[in-house]
Amino acid sequence: MMAKTKGKVLVTGGAGFIGSNIVDLLIEKGYDVVIVDNLVTGNKENISKKAKFYDVDITGQGLKDVFEKEKPDFVIHEAAQINVRKSVEDPMFDANSNVIGTINVLECCRRSGVKKILYSSSGGACYGEPEYMPCDEKHPVHPICPYGASKYAAEQYFFLYNFLYRIDYTILRYANVYGPRQDPKGEAGVISIFLDRISKGQVPVINGDGRQTRDFVYVGDVARANLLALEKSTKSRIFNIGFGKETSVNQIYSEIKKATKSGIDARHGQAIPGEVYRIYLYAGLAKKELGWKPGVVLSEGIKKTAEWFNSAIGGKNMGGKNGQ
Ligand SMILES: NC(=O)c1ccc[n+]([C@@H]2O[C@H](COP(=O)([O-])OP(=O)(O)OC[C@H]3O[C@@H](n4cnc5c(N)ncnc54)[C@H](O)[C@@H]3O)[C@@H](O)[C@H]2O)c1
């Protein structure tokens, strides 16, 4: 007889950076996992062999068929258009993925009687240029790019579907997530972009003066926050998930140089419109209600990420297996 699992979780975006790390943790903890991903930025190599995979777009009709067939107990909604610059260039595409796609996911949850859904929102993009720091969940929401607006608009539907249909939900507003599997081809992950450049012997470009700050949180800690949110009932619905420390991009680059023993100096380029200048989050509510706190400090997380680059990609200038 097959061992009973803790339930079936459908993870949208489970072939992506954060989603695939969540999938691995869920499987380790005894859940059955179904992944829905159209591989637009996701990677087949990220997909756990122990999960069932559907190459399906969350904005289309195919999603309904997956829900009807799989009847998941829980949903973790990670799939999204995540590129700030792209959202400025093509806000319709961004809103279609992030708002219409989310409504489609919620409609499927409603029809198939999903017990609980988690949503990955963005602290960095929703709060906009902070009025005070660290930003807690009560900080006013003033996105300064379409991506932030679409992530926040989607949040409203979770409240609505709970109000109308009693669907249980938790929203996690992530800070800047980094770690193994982050795609350096995008522009969201400055740590993986820098590591990628260094591994190729290229000069990394720091956008603007590099004094802009972010709150960097390790992907393993984010996956753990999702697991806790899935399993715990909480009074609050929205939680910041961040390290709670402000780090400049210049500081990040010097940590990376240290971890990789690289002698390459970065050069400075243009700042990106739509990106906030300074931000970091207060995650005290997640600590209080979810029992979550970040465990991986930046120097350790950068080391882990560099090691992954080394083994997965073969860092040429980091002493990797394909390097000299
Ligand atoms: N990376 C960060 O720092 C960060 C910060 C805040 C919030 N988030 C949120 O976390 C989630 C995951 O982000 P990530 O960094 O892992 O990005 P990612 O691009 O690696 O993952 C997104 C995944 O969704 C899939 N996807 C995109 N559009 C889809 C569609 N229409 N149908 C089906 N699949 C689709 C992609 O193929 C990819 O696998 C996103 O919702 C993002 O908004 C990320």
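Reader: How many residues of domain 1 are in contact with how many residues of domain 2?
Author: Happy to start there: this is a predicted model, in which local features need pLDDT of at least 70 and side-chain atom pairs count only at pLDDT 80 or more, while totals for chains, interfaces and linings use all residues. Residues are numbered from 1 along each chain as its sequence is written. With contact meaning C-beta atoms, placed from the backbone, within 7 Å, the counts are 20 residues of domain 1 and 15 residues of domain 2.

Reader: Which element supplies the largest share of the side of domain 1 that touches domain 2?
Author: Helices (H or I, at least four residues) and strands (E, at least two) are DSSP runs, numbered from the N terminus. At least two residues of that side come from each of helix H3 (84-89), helix H5 (123-126), strand S10 (216-218) and H8. The largest share, 3 residues, belongs to H3.

Reader: How many residues of strand S2 are buried?
Author: Buried means 20 or more other C-beta atoms within 10 Å of the residue's own, exposed 12 or fewer, and partly exposed in between, with C-beta atoms placed from the backbone. Strand S2 (residues 32-36) is mostly covered, and the buried count is 4 of its 5 residues.

Reader: What is the bridge partner of Thr12 in S2?
Author: Two strands pair if DSSP finds at least two bridges between them. Strand S1 (residues 8-12) and S2 run parallel and are joined by 5 bridges. For Thr12, the partner in S2 is Val36.

Reader: Which residues come nearest to the ligand?
Author: A residue counts as near if its C-beta atom, placed from the backbone, lies within 6 Å of the molecule. H1 gives the largest share of the shell around the ligand, 3 residues. Of the 30 residues around the ligand, the nearest are Gly13, Gly16, Ile18, Gly42 and Ala80.

Definitions and conventions
Contact = placed C-beta atoms within 7 Å.
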